[in-house]
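User: I should like to learn how to read the features of a structural model. Please give the general idea of each feature before turning to the case at hand.

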Amino acid sequence: MVALDTMSSKLSPCSLRPRCWLAALVLVVVGCDEPSGARAVGRAVVAAPERSSMAGPAVAPSAARPNILVIMSDDQRADTVRCMPRMARSLGAQGTTFTHHFASTPLCCPARSTFLTGLYPRHHGVLHNGDVEDPGDRDVDEGLAGAMLFRERRNEERTIAVALRAAGYRTGYFGKYLNAYDRMIEREGARVPPGWDEWRAFSHAEYYNFSLVERGFGAATPRLSFYGTNVAQRAAQSRVRCQQTTRAGGTCVPVTGENYSTDVLTEQLDRFIQRAASDQSAWFAVLAVKSPHGPFESPARYQPNVNVASFSAAANAELASCAAFDPQWTNAAINEADITDKPAWIQRQPRRDAAALADLRRQQLVSMLAVEDAIERIDATLVRTGMMDKTVVIFVGDNGFSWGEHRYVAKNCAYESCVRVPLVVRDGRHPTARPRVLDTMTVDVDLAPTIVELAGASLSTARDGQSLVPIITGRAESTQRSEVFLSCWGRGPNRRGQPDTVAAVRTNRWKFIEHFTDATAAQQSEFELYDLQRDPLELDNLLAPRTSALSLLRFDADAQQALAVLRPRLDAWRTDTAVPASNAQDAGALSDAALPSLRDLPESPPSGPSVQSMRVQGTTRIEQLIGDRDVQRVNGAQAPVAAQTDSRFGVFGTDLGYSFEHEGRLWFLFGDTRLRAHDVGAPDVLAFADAREPPIGNRLEFLRESEGSRAVFEYQPPGVASGGSEVPSSGLSLNGRMYVLFKTDKSEDGSTDRSVLTRFDPATRAITVVREFSRLSSGGRFIKAAFALAPGGRALPFDEPVVLAWGTGCYRHSPVYLQVIRARAFEHPTAADVRFFAGRQPSGAPIWSQLESDAVPVITYSQAGDVSVTRVPALGVWLALYDRRDRAGVGLAWSVAPWGPFNDGGTALDPNEWRGRLLHAPNESGSIVVAGPLMNRAVERDGGTASIGGGAYGPYVIERFTRVSEEPGRATLRLRWLLSTWNPYVVHLMESAVDVRR
């Protein structure tokens with residue numbers, strides 16, 4: 001291919017202008033709601049075995065009866081394990097990672113009670129935390145709370161510890177037990193629940209200055225031991241707490257170091273394992289750490305000052321490749337702009353301070369580094385004692401934690417941030433040759449039956465879950481579960497901003513939530529329905545469309561069918577398990593309030609009067625997105641570009657940038673990129689941003705070769721030419737998969753141009769060529785295309801979800817055509833799955849044909865180039881932007897139907913008006929110092945030298961940024977879109993103001 005800075009501007013009719021994350025292994029943890037502390041043991045320190053009497057039941061581990069260790073974290077959401085690579089290497093590399101594991105009730109005490117019994121909260125009776133941190137809980141008011149209520153409901157006699165000890169296992173518990181255990185101690189003195197041989201549990205979980213109720217193996221009486229610290233910020237409190245403990249009859253452990261609780265508990269577990277190894281006893285142990293529960297304190301090796309969100313070099317280095325550790329990281333759900341589709345208690349949430357959210361998130365992530373240290377130390381002990389191949393390790397989280405999604409910062413909600421938690425199991429008896437990552441749905445009620453089956457024991461009561469042993473041992477790949485049920489209990493009436501009582505059902509694709517709210521006078525339920533494949537961040541409640549133009553999805557036939565199935569399933573489940581009658585007075589009337597029907601829910605938010613005309617009033621540049629050597633031309637002078645793509649990624653020139661949503665992120669497809677690492681060639685690259693409003697600036701991230709790599713990932717479909725002017729031209733997210741349409745086989749006369757559909761996995765960076773999409777030599781009219789999803793029906797050829805594809809054939813010598821493809825057959829459609837727009841009947845209804853040769857234009861302008869089409873629900877119209885060859889620049893067209901007729905909406909950009917600002921042509925406007933030396937060089941032409949003129953193309957609307965403001969009889973549409981320019985060879989973010997007349 002001819003280099004970009006020397007290519008002739010005399011182009012043939014069908015030639016183009018020169019254009020010129022491995023999935024993190026998920027690990028598991030269970031936690032609850034309190035603080036902790038521990039001895040500074042470091043990663044490589046191994047304590048000598050502690051001697052003690054060895055009375056009690058014991059049995060040697062065997063292939064059939066392994067040792068079992070459960071590691072529990074507190075308030076750890078599933079996506080945090082992406083930032084824990086040591087955990088993945090230790091447990092995930094030879095184990096099974098469950099990517100869809102859920103907390104049935106995402107609150108500490110109910111979740112831990114479920115872990116210990118295998119019962120839903122309705123059956124074990126612990127619905128709240130009920131500790132001193134929650135003085136409004138009705139359980140506290142009645143004198144029973146947390147651990148006391150657990151015992152009162154006769155749960156202590158039916159835990160997994162009782163079952164395993166009866167089966168001959170030595171048992172040990174280290175760390176956080178149940179909330180309000182400290183209140184039980186205050187009333188009754190130190191006590192140990194039945195079933196535990198060794199017990200070293202927090203009275204109240206803390207990171208520093210904590211007390212443990214301790215009873216060693218063979219000891220008769222527990223004692224209360226206080227662990228103080230020499231950490232400067234906590235030393236004074238340490239002395240006071242020691243005096244209080246002594247007066248209460250407890251003892252103070254001499255302060256010999258930092259005494260960070262995770263370290264202390266790990267040292268005690270280490271000794272337990274070594275003692276069991278010395279007499280070959282089979283054992284079951286739980287290590288329940290405080291991390292990453294608030295107040296998010298870490299040991300000094302990671303956080304030198306526990307009062308300041310500033311971290312050590314070691315912590316910063318270990319988390320350098322963790323995207324969420326970046327203070328600027330966010331997603332579209334955090335501080336969600338429009339929450340009018342959410343239940344009333346969410347709508348009462350205030351906007352959160354972004355800096356405070358960043359500090360919270362970063363401190364949570366740093367606090368998990370000590371847990372990774374603990375796992376490394378335990379693994380070393382298992383290897384040294386010969387127990388690695390006799391031990392099953394389960395790492396699990398009790399509940400998640402919202403980082404400000406939907407403006408909510410806490411847990412006990414039905415959104416993914418609260419209910420989805422990590423789970424990984426490594427069976428040392430059956431190590432896997434490579435990591436197994438399964439998306440089968442599992443729930444916390446499954447852990448108890450799994451543990452007792454591993455031990456060859458049995459629970460004394462019925463269980464609500466199912467054993468995962470067949471999956472762990474490799475005999476099965478999935479459970480038979482097609483849905484999981486979730487519940488949360490509200491805080492009672494008049495608790496503004498606190499969660500409602502909630503019941504929910506989740507499948508692989510859908511989530512239906514019912515809120516039994518006390519917020520309305522009628523005390524009726526509120527409902528949410530989410531399509532998790534298309535909306536993983538749960539932005540668009542399909543049962544209550546948002547009032548702004550932010551909504552991307554709508555209630556359609558698919559959603560109606562899902563609702564018809566999920567509602568009766570949830571009703572049947574909650575009748576037995578979800579909402580007890582005793583709580584109804586708190587939550588409001590639990591009536592079967594009628595759900596909205598399809599008649600009540602229009603396909604899109606109300607659009608008001610029909611649109612009569614649309615006209616572009618003016619266009620401005622928001623920012624130069626890609627920096628030409630990181631600087632741009634502003635008012636005749638050079639200025640820095642916020643994105644700094646050259647400094648950050650080595651990207652100093654690129655074009656295109658078709659955008660689409662995938663798994664909550666805004667993705668961009670850039671073509672023929674100039675990378676500092678490349679002397680020749682024109683690689684294509686991908687980028688993403690989590691911004692909900694422009695500008696994008698330094699929030700634009702280019703996809704790397706792998707997590708932690710500095711090299712930008714190059715999109716090169718296998719076996720497909722990807723040289724200059726062979727580019728990714730559009731993308732689509734469908735059923736959880738990302739598709740990229742790639743234009744290839746470029747020739748000077750365009751005769752060989754074709755497009756291929758590819759599938760891309762951002763986690764593994766794997767590219768799969770799916771099929772040829774269109775070939776110009778065969779009359780192909782979709783060499784370049786724009787994609788959109790639609791529900792079907794309403795004069796479309798299929799009564800089911802479809803993919804709409806507007807396309808052009810010969811570049812800048814083609815009108816725009818439309819094809820419709822069944823969404824379920826998108827990868828490999830037959831002739832019966834595709835239709836082409838072939839004209840209109842006299843009534844105006846569209847005609848559809850199976851033959852591409854029958855296709856007629858939907859936009860009749862005959863020299864269109866790049867095109868993008870998007871729907872604006874607030875106006876009820878489809879908009880198209882396209883670049884124009886004969887008149888140059890960018891045109892706008894609009895229609896009320898995807899098949900047209902499209903009306904002329906005016907010129908969105910006239911290059912002549914922008915020459916010298918966006919576009920540089922040295923031979924026309926004198927000596928212009930472009931931001932960098934990329935495109936303004938003189939070239940040899942016709943025996944002399946000449947300068948390359950500029951051009952504009954690639955107008956791609958960013959649907960996420962589209963906004964509409966209404967006025968009587970009219971509206972203003974703010975259309976944000978990307979524009980590519982040639983000389984300089986960069987991409988700009990533009991805004992067009994469009995006047996809309998009703």
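Analyst: The expected span of a helix is 1.5 Å times one less than its number of residues; helices (H or I, at least four residues) and strands (E, at least two) are DSSP runs, numbered from the N terminus. This is a predicted model, in which local features need pLDDT of at least 70, side-chain atom pairs count only at pLDDT 80 or more, and totals for chains, interfaces and linings use all residues. Residues are numbered from 1 along each chain as its sequence is written, and side-chain values use heavy atoms, with hydrogens and water left out.

User: What span should helix H8 have, and how far apart are its end C-alpha atoms?

Analyst: Helix H8 covers residues 232–247, and its 16 residues should span 22 Å at 1.5 Å a residue; the end C-alpha atoms are 24 Å apart, which agrees. The bend at a residue is the angle between axes fitted to the seven residues ending there and the seven starting there. In H8 a kink of about 25 degrees is centred on Ser238. After H8 comes Gly249, with a positive phi near 95 degrees.

User: Which residues of H8 are buried, and against which strands do they pack?

Analyst: Buried means under 20% relative accessible area, exposed over 50%, and partly exposed in between (1.4 Å probe, protein chains only). Arg234, Ala235, Ser238, Arg241 and Thr245 are the buried residues of H8. The buried residues pack against strands E5 (210–215), E6 (223–227) and E7 (251–253), where contact means heavy atoms within 4.5 Å.

User: How many disulfides does a search of the whole structure find?

Analyst: A disulfide is a covalent bond between the sulfur atoms of two cysteines; here the criterion is a pair of cysteine sulfur atoms within 2.5 Å. The search finds 3 disulfides. One of them joins Cys242 to Cys252, with an S to S distance of 2.1 Å. This pair connects helix H8, which holds Cys242, to strand E7, which holds Cys252, 10 residues apart. The torsion about its S-S bond is about 125 degrees, so the disulfide is right-handed.

User: Are Cys242 and Cys252 buried or partly exposed?

Analyst: Cys242 has 24% relative accessibility and therefore counts as partly exposed; Cys252, at 25%, is also partly exposed. In another disulfide, Cys413 and Cys418 have sulfur atoms 2.2 Å apart, and both of these cysteines are buried.
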